Structure formats: structure tokens, C-alpha cells
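Have a look at the structure first, then read on.

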Amino acid sequence: MKIDILTLFPDFFINPLNESIVGRAIDKGKIEVETINIRNYALNKHRQVDDYPYGGGSGMVLKADVLISAINDIKKVNSWVIYMSPQGKVLNQKKVKELSEKSHLVVLCGHYEGVDERALTEVDEEISIGDYVLTGGELPALVLTDAVTRLIPGVLGDDNSAIDESFTDYLLEYPHYTRPAEFNGLKVPDILLSGHHENIRLFRKKQSLLRTLIKRPDLLLSKEFDEEEEKILKEILFDREYS
Ligand code: 4FV
């Protein structure tokens, strides 16, 4: 997979794309990430990329002619063009999984007041990282790049770790513990020290359901429960064993 990031601030990405898991994934050639300066597509000698909004108002707007020539210069037949914007659907793990299966993502970073609406004619999808307003689309582009990169086969040590993690199957992750076995008088649950894998699996499933019920019940609205999950939920809700 290749991710081309269209931005006015390519240097913003230097460190984050050279650190940790994403940096290693790029070094291992698991993913290619390139930042392209929108200003390279400015059309006049002043290298202008933005202008005053028609109809007045504060701030500047990124020019459609500049953005569209940039997008059309970069995109290929199989490209998926994403504009990071508060107007987009809020990113979730399901969407990340879907995007991680594409071969080429072009990610457009807005700035100032945003982009000329006509630039969206070359955009396949608007995505938001949350209902708040940022100074630019650079952080959202990094969030998307990080989340997608993790799901590329071979990026995470063992690909299994991306299977039973938060939001996979609409459940929050079970609690994690490591040494010391007792800390500040708080003991690691005995079942995790038992070595009984099936009981540990059931404990973790129950913890995931419980935590999701308490912390993010909204997630359960779009979840299909399998027989075992139904049994565990009944035990939680009615506080008694079900055979
Ligand atoms: C944003 C978000 C976001 C809006 C105006 C950039 C800013 C400026 N992008 N999720 N939330 N973008 O706040 O994706 O152009």
C-alpha cells in the first residue's frame, strides 16, 4: 500500500513517520508514505494556494484549481482520495480495516478555513477524526496513517494482536497486567496466573463485555452477539450461572 499525503506542511510529518511502528513499517517496505507539498501545484508566480472567501468572512480558503491539479497529478486508477475534515464520517476501526485493504490512498490535508467546495469533486470520501476543530488536516492524516499501517500484514509483530483488540467486533479490550504480580496491594487476577487457557479466554471475554457495557454501551448497539457472548451477558446481567 502507498499513502500520498497532500499538505502545505510536509515537514510536520518527518518525525512521526520515522518513529516506532510506522517508521519500522516504512523501513521494512510494508508501506510507502510520501508527503507532497500542495504549494508545488500553485498556478501563479506568487505560488498562491489560498484566497479570500467569496461572500466575505474571516480566514482563507484553499483554491480548487490548485488542489485539483495536485490530486489529478498524484491519483492513479485504483486510488482512493480522502479529505480529512470535520464534515466527514467519524473514523472507526471498521473504516480503518476497509481502508487498509486499498492499494493507494491520497490524503488531502485542509488548512485555514478549509478548501473550496469544488475541490471535493475529486474527493472519494471525507473522514473526520472527531467532533472538534483542529488548525489543519495534518494530525488527522497522521492518525489515519497510523491506524491503517497497524493493520497491514507483517507490521505488528504477530498479526494476531490486531485480532482481539479494542473495537474489533465492537468490544473494548480486556484488562492487561504484567509483573509485579502485586502492586500497591493490588493483585493480578488469579485466573491469569492459572495457565488455564480456556478459563483465561472466558475471563477476558467476560471482561470485554463488562467494560463495553459500562464504558461504551453505544458500541453494543451495532454488535451481533454469538451464543457464548449471550450466555456471558445473561450471567453478568442476571448475576447467575447459565449452563
Ligand atoms: C478535522 C477533524 C479538522 C478544519 C479546518 C482543518 C480542520 C482546518 N479534520 N477531523 N476534526 N480539520 O478539524 O479531520 O482546515
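K2 counts as buried, with 15% relative accessibility (buried is under 20% relative accessible area, exposed over 50%, partly exposed in between, using a 1.4 Å probe and protein chains only). This is a predicted model, where local features need pLDDT of at least 70 and side-chain atom pairs count only at pLDDT 80 or more, while totals for chains, interfaces and linings use all residues. Residues are numbered from 1 along each chain as its sequence is written, and side-chain values use heavy atoms, with hydrogens and water left out.

**K2 and its partner**

- K2 pairs up with E34 in a salt bridge, and their closest N and O atoms are 2.6 Å apart (a salt bridge is a side-chain nitrogen of Lys or Arg within 4 Å of a carboxyl oxygen of Asp or Glu).
- K2 sits in strand β1 (residues 2-7) and E34 in strand β2 (residues 32-37), so this pair ties together parts that are 32 residues apart in sequence. Helices (H or I, at least four residues) and strands (E, at least two) are DSSP runs, numbered from the N terminus.
- E34 is partly exposed, at 35% relative accessibility.
- Why can such side chains pair up? Side chains of opposite charge can do so when their charged atoms come close.

**Other salt bridges**

- Searching the whole structure turns up 15 salt bridges.
- One of them joins E198 and R201, at 2.7 Å from N to O.
- Both E198 and R201 belong to helix α5 (residues 197-215), and they're three residues apart, about one turn of the helix.
- E198 is partly exposed, with a relative accessible area of 36%, and R201 is partly exposed with a value of 36%.
- E229 and K223 make a salt bridge too, with 3.2 Å between the closest N and O atoms.
- Are these two buried or exposed? E229 is buried at 1% relative accessibility, and K223 is buried at 6%.
- There's also a network of salt bridges that links K89, K95, E98 and E125.

**Y112 in its loop**

- You'll find Y112 in the loop between β6 (104-109) and β7 (114-115).
- Y112 is partly exposed, with a relative accessible area of 37%.
- Which residues does Y112 touch, not counting those up to four places away in sequence? They are L8, D50, M60, L62 and T135, where contact means heavy atoms within 4.5 Å.
- Take L8: Y112 and L8 are 104 residues apart in sequence, and their C-alpha atoms are 11 Å apart in space.
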